[in-house]
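This briefing is intended for a reader who has the sequence and the coordinates at hand. Please consult both alongside the points that follow.

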Amino acid sequence: MSRAYNSIEEIIRDLPAIREVCVSLRETLLANLVMLGEIPAPTFGEEARVNFLMQRFSECGLQNTSSDECGSGFGMLPGRSRDRNILLLAHADTVFSKKRDHTVSVHADRVTGPGIADNSLGLAVLATLPTLLEKLDLQLDAGLVLMGAARSLGRGDLEGIRFFLDNNKVPIVAGLCVEGVQLGRLSYASAGMLRGEIFCRVPEEYDWIRRGTTGAILIINEVINRILGIPLPRKPQTSIVLGSVEAGAGFNIIPTEATLRFEVRSESSEIVQEIASELEDIIEDVTSQTASEVTLDIVARREVAGLEIGHPLVKQAREIMSSLSLPPHITPSISELSSMINHGIPAITLGITEGEHLHEKRETVQIEPMFTGLTQLIAVLLAIDGGFCDEAE
Amino acid sequence: MKLNEWIKKNTFHHGQFWDIKKLIEAKEKQGLTISLCLPTLNEEKTIGKEIIIFKSELMDRYPLLDEIAVIDSGSTDKTCEIAAAFGADVYLSSDILPKQGTKKGKGENLWKAVYQLKGDIICYVDADIANIHPRFAYGLIAPLIYNPEMKYVKAFYDRPLAFSQGVRPSGGGRVTEILVRPLFSLFFPELTGLIQPLSGEYAVRREVLEAIPFPIGYGVETSHIIDVYDKWGLKAFAQTDLDQRVHRNQATRDLGKMAFGILRAFLRRTEALGVLHELPELPSILRQFQAHSEAYEQVEHEIFEEERPPMISLPEYREKFGRK
């Protein structure tokens with residue numbers, strides 16, 4: 001099916017044939033998924049997984065397989081043109097520590113294991129893509145930069161993609177972020193975000209009787225109650241996620257330290273800023289009322305950025321998804337997408353399959369929908385390559 | 001060949017065979033065909049992963065294997081469906097050589113695989129390995145491709161979870177260390193060089209597999225080793241360190257049954273080879289105990305160690321493979 005596409009309609013006509021080839025690579029994709037998924041890759045500890053990805057790229061004959069100072073891995077698939085490149089990336093890190101059992105199970109219809117959806121599958125798609133393009137007999141006009149991005153999640157704060165974009169010398173015309181789930185996801189805007197840690201320490205000379213409280217847990221509880229009292233507007237959509245609380249060591253040991261991790265998300269950067277100010281006020285107030293040490297550490301921030309819904313990249317992606325009977329689920333992203341858009345690179349995030357139990361040990365992805373997800377990705381890639389996603393001059 | 005010399009020369013690490021392209025070149029030069037056999041009985045949890053890894057890596061990406069076959073003993077779960085769905089050839093043990101009847105046991109599947117599969121080399125890998133990796137096959141096949149004098153390559157697993165430096169004990173599982181190694185030390189000292197003689201992963205040349213009998217139960221591996229040693233000597237063996245193997249751990253009582261079966265097979269082989277003489281008839285009942293409050297009761301397990309004859313003795317086999 002080697003051909004040049006003259007319109008998006010021609011690409012859409014070929015979707016069934018593309019899907020057929022995707023299905024024929026099922027074992028290759030699943031083997032990559034299993035092998036990548038069984039290599040632990042906590043944020044700042046992605047080296048082994050990235051090395052395996054680069055080894056896969058080398059085996060496929062990719063040029064310039066390398067890693068950078070941040071630990072991200074790259075493979076270059078040169079196109080006919082030197083001044084057009086597409087960046088296709090998946091973050092390489094997962095939320096699971098090295099100590100966690102990373103054994104992956106393959107069932108008839110699904111694959112299960114820690115981090116399998118977020119984002120071992122995204123990375124497995126990258127590892128499989130050179131073989132898939134070869135089997136489709138497609139030679140792109142644009143060069144393809146395949147990137148397993150390190151240090152993306154949590155305290156990583158997108159360090160991998162930011163380092164690449166700050167130091168990259170290759171002209172990138174568009175970006176595609178690949179996430180394992182959910183199929184039908186279409187992100188073209190990044191939400192405003194503030195991620196932080198509130199730490200509370202009770203001083204040793206704390207007067208337990210006078211304060212009427214028993215340790216750091218109650219103080220962090222007071223902080224939580226005050227955060228829950230912050231009024232959140234419905235429009236622009238805003239939320240505060242209280243992600244984790246750590247404190248205490250047993251039944252009868254008064255805890256002296258407690259940590260709360262949270263994330264604020266909003267469609268408005270101003271509201272994120274307002275909430276940040278309110279959080280600072282809360283911290284100051286609780287500190288003075290309880291005579292304890294309460295600190296706020298902001299570990300990541302994102303500004304609101306995005307493409308218009310009418311941007312050709314978004315429009316063509318929606319068109320392709322509709323042709324595959326995938327109602328696009330528009331959702332703002334706080335991942336690598338925002339960095340690309342902030343660097344003036346039009347980019348979207350796509351999901352590959354359906355999944356459940358995200359970030360649990362039994363994290364699961366469905367096998368059958370993966371081929372629709374891959375087809376969608378190839379079609380969008382072809383649309384970008386054909387220039388059908390370029391903005392009018 | 002002295003034991004220490006053999007250990008030095010015939011013991012490998014899978015890392016020595018990382019260059020699979022080179023391995024395939026050597027295989028093609030010799031015109032060899034290679035079959036992978038996965039004997040199964042209710043392995044739906046792990047079989048899919050094993051087939052995906054072997055098919056993708058050692059058939060599609062690097063054509064080292066010419067066939068991947070599951071020989072099933074009659075699973076009642078979805079083992080066969082999953083194996084077939086991911087591209088393995090699936091055979092019911094009872095459908096192979098139907099005139100020979102059907103016996104229960106893993107050894108039966110291994111024996112019937114010799115008839116059913118086409119490879120000059122057959123690599124057996126257990127189907128319950130949780131951390132499956134292509135090394136489990138190429139690490140065992142490679143010594144046979146590179147060393148024509150080697151005929152039977154066993155896996156062993158030697159990757160301590162934590163160790164600082166210096167000497168550390170290395171060996172097999174509980175049944176190996178408590179039963180098989182002491183027996184080998186007494187009667188076949190050279191065979192103690194095999195670090196894990198009972199491991200379920202090994203690659204063997206057809207000329208060997210067709211010429212030896214197959215006990216169908218727990219004793220198949222022990223019996224094979226004694227027969228291969230008797231016919232071809234120590235130099236026919238090699239062993240490869242495959243690092244770590246994660247699998248189900250067995251209860252001590254189950255290991256008791258295994259040890260019983262192995263001991264019976266061992267005694268029968270040693271008698272057949274004239275190492276031991278005039279053994280009494282060996283009973284097939286293993287007796288274990290269980291307690292109900294203060295009362296103890298005996299539990300009897302009947303453990304047969306039937307044996308299949310060398311495949312070469314079957315006319316059907318000789319006809320299929322053109323043997324005179």
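The notes below concern a predicted model and are grouped by topic.

The contact between chains A and B involves 11 residues of chain A and 18 residues of chain B. Chain A itself is assigned two domains, of which domain 1 is made of residues 8-190 and 304-385, and domain 2 of residues 192-302.

**Contact between the chains**

- On the side of chain A that touches chain B, helix H3 (26-37) and strand E4 (105-106) of chain A each contribute at least two residues.
- H3(A) provides the largest share of that side, with five residues.
- The side of chain A that touches chain B comprises six nonpolar, four polar and one charged residues.

**Domains of chain A**

- The centres of domain 1 and domain 2 of chain A, taken over C-alpha atoms, are separated by 35 Å.
- Seven residues from domain 1 of chain A and nine residues from domain 2 of chain A take part in the contact between them.
- Of the residues that domain 1 of chain A contributes, three are nonpolar, two polar and two charged.

**Helix H10 of chain A**

- Helix H10 of chain A spans residues 312-323, and its 12 residues reach 16 Å from the first C-alpha to the last, close to the 16 Å expected at 1.5 Å a residue.
- A:Leu313, A:Val314, A:Gln316, A:Ala317, A:Ile320 and A:Met321 are the buried residues of H10(A).
- A:Ser325, which follows H10(A), has a positive phi, near 60°.

**Nonpolar cores**

- The largest nonpolar core has 169 residues, and B:Cys123, B:Ala137 and B:Ile141 touch the most other members.
- H12(A) supplies the largest share of this core, 11 residues.
- Residues up to four places away in sequence being left out, B:Cys123 touches B:Ile34, B:Leu36, B:Cys37, B:Ala137, B:Leu140, B:Ile141 and B:Ala203.
- Another core, of 21 residues, lies apart from the largest one, and its members include A:Leu194, A:Leu218, A:Val223 and A:Val294.

**Surroundings of A:Ala124**

- A:Ala124 belongs to helix H5 (residues 116-135) of chain A and is buried, with 30 other C-beta atoms within 10 Å.
- Beyond its neighbours within four places in sequence, A:Ala124 contacts A:Leu29, A:Asn32, A:Leu33 and A:Leu36.
- A:Ala124 and A:Val304 are 180 residues apart along the chain, and 29 Å separate their C-alpha atoms.

**Backbone features in loops**

- The peptide bond between A:Val181 and A:Gln182 is cis, with omega about -5°; A:Gln182 is placed in the loop between E7 and E8 of chain A.
- A cis peptide bond also leads from A:Lys235 to A:Pro236, with omega near -10°, and A:Pro236 is in the loop between helix H8 (216-228) and strand E11 (238-247) of chain A.
- A:Asp157, a residue other than glycine, has a positive phi near 50° and sits in the loop between strand E6 (143-149) and helix H6 (159-167) of chain A.
- With 17 other C-beta atoms within 10 Å, A:Asp157 is partly exposed.
- B:Glu278 is not a glycine, yet its phi is positive, about 50°; its loop runs between helix H10 (252-272) and strand E10 (285-292) of chain B.
- B:Glu278 is exposed, with 5 other C-beta atoms within 10 Å.

Note on methods:
Residues are numbered from 1 along each chain as its sequence is written. Chains are lettered from A and ligands numbered from 1 in the order in which they are written. This is a predicted model: local features need pLDDT of at least 70, side-chain atom pairs count only at pLDDT 80 or more; totals for chains, interfaces and linings use all residues. Two residues are in contact if their C-beta atoms, placed from the backbone, lie within 7 Å. Helices (H or I, at least four residues) and strands (E, at least two) are DSSP runs, numbered from the N terminus. Ala, Val, Leu, Ile, Met, Phe, Trp, Tyr, Cys and Pro count as nonpolar, Asp, Glu, Lys and Arg as charged, and the others, Gly among them, as polar. The expected span of a helix is 1.5 Å times one less than its number of residues. A residue is buried if 20 or more other C-beta atoms lie within 10 Å of its own, exposed if 12 or fewer, and partly exposed in between; C-beta atoms are placed from the backbone. Domain bounds come from an automatic or database domain assignment. A nonpolar core is a set of buried Ala, Val, Leu, Ile, Met, Phe, Trp, Tyr and Cys residues joined through C-beta atoms within 7 Å.
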